[in-house]
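Please read the following walk through the fold with the sequence and the three-dimensional view side by side.

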Amino acid sequence: MSRAGPPSFDHQMDPVVELYKPDLSFTASQVLTGGDLAVNISATGDYFVRVRNLNGSTAPYTISVTTTGTPPTFAAPLDLDFGFPAGSVGVADVNGDNRKDMLVAFGHSSPLGDTLVVFSQTADRSLALSAALPTDVMAGGGMTTGDLDGDGHADIALPVNNGIDVFTHVGPTSSPVFIPLAGVKQLAIADVDGDSHNDIVAVGTFGARVYWGPGPAYSTFTSLTTDTRGNVRRGRESTGHSPNGLLDVATSPGVQIYGQTGLRTFDPSGRHVPGSGRS
Ligand SMILES: [Ca+2]
Ligand SMILES: [Ca+2]
Ligand SMILES: [Ca+2]
């Protein structure tokens, strides 16, 4: 920590104290911060202090180095007892303040029936209830998050009865865009075709399909399979790179991989991963 003189007008500007990293890159300057220059040094090494005296001032300055305590990684645990089960949860920064927020979905059998509850993370790492958004009738499970409209803020997709609810620009009065699709059980968000727009992968009683972005009103899709044996009850999908650089789609239980053989073209037979429990 570099500390420059008592705070008076002449001492504020001259001498000027600057700190440089071991690689001589500039770190901080009293001119830029104003007042005392206090710098948290997290990596050890030889740092360099440069003092410039622009007008021959004889103002004193002192330099001191002190240790600081490590701030806790986690704040005290925050217990949220709703008194009834939640359908699914998500963690994503939906309001764009660079703090991840907590999202909880409650289905129609819950006292909070068909509601998406948004808890915004505050600067002191606590959570503040910021929205309770009505959804279409839903069981509550299968929430997923990702930026669907490309504005840099996370959005939310939820399986609901006979479709998918998509929330963008999440705020206290947001309402969802509805994508009709009966039998949706689970969703995933990824840029499956690599066109920089996130896509939605859905599985359910219809099989599996990919809705092509940009969202939030997805209208074009590709059906990967109509096979519902494996994923109708607790379908889940993930994505991973095949050797051709295109994302594939995997469903469970068991692991069945539908390879993207060409842009937006999938091997409909799927590939069963041995040992994953499905015949
Ligand atoms: Ca946030
Ligand atoms: Ca967004
Ligand atoms: Ca895409």
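P214 is found in the loop between strand 16 (207-211) and strand 17 (221-225), where helices (H or I, at least four residues) and strands (E, at least two) are DSSP runs numbered from the N terminus. This is a predicted model, in which local features need pLDDT of at least 70 and side-chain atom pairs count only at pLDDT 80 or more, while totals for chains, interfaces and linings use all residues. Residues are numbered from 1 along each chain as its sequence is written, and chains are lettered from A and ligands numbered from 1 in the order in which they are written. The peptide bond that joins G213 to P214 is cis, with omega about 10°. The loop between strand 16 and strand 17 also holds P216, and the bond leading from G215 to P216 is likewise cis, its omega being near 10°.

Burial is judged here by counting other C-beta atoms, placed from the backbone, within 10 Å of a residue's own: 20 or more make it buried, 12 or fewer exposed, and anything in between partly exposed. N162 counts as partly exposed because it has 15 C-beta neighbours inside 10 Å.

H169, in the loop between strand 12 and strand 13 (177-180), is another non-glycine residue with a positive phi, in this case about 45°. Because H169 has 13 C-beta neighbours inside 10 Å, it counts as partly exposed. The loop between strand 12 and strand 13 also contains S174, which has 17 C-beta neighbours inside 10 Å and therefore counts as partly exposed. Two residues are taken to be in contact if their C-beta atoms, placed from the backbone, lie within 7 Å. Leaving aside neighbours within four places in sequence, S174 is in contact with A131, L133, F167 and H169. The C-alpha atoms of S174 and A132 are separated by 9.2 Å, although these residues are 42 residues apart along the chain.

How many residues of strand 15 (199-204) are buried? Six of its six residues are, and both faces are covered, with D199, V201 and V203 buried on one side and I200, A202 and G204 buried on the other. Strands are said to pair if DSSP finds at least two bridges between them. Strand 15 pairs with strand 14 (184-190) in the antiparallel sense over six bridges, and in this pairing the bridge partner of Q186 is V203. Five bridges join strand 15 to strand 16, and these strands too run antiparallel; I200 stands opposite Y211 in strand 16, and a hairpin links strand 15 to strand 16 through two residues.

A nonpolar core is a set of buried Ala, Val, Leu, Ile, Met, Phe, Trp, Tyr and Cys residues joined through C-beta atoms within 7 Å. The largest such core has 44 residues, and those with the most contacts inside it are I156, A157, L158, I164, I200, V201 and A202. Its largest share, five residues, comes from strand 14. Beyond its neighbours within four places in sequence, I164 is in contact with A157, L158, P159, I179, L181, V184, L187, I200 and A202.
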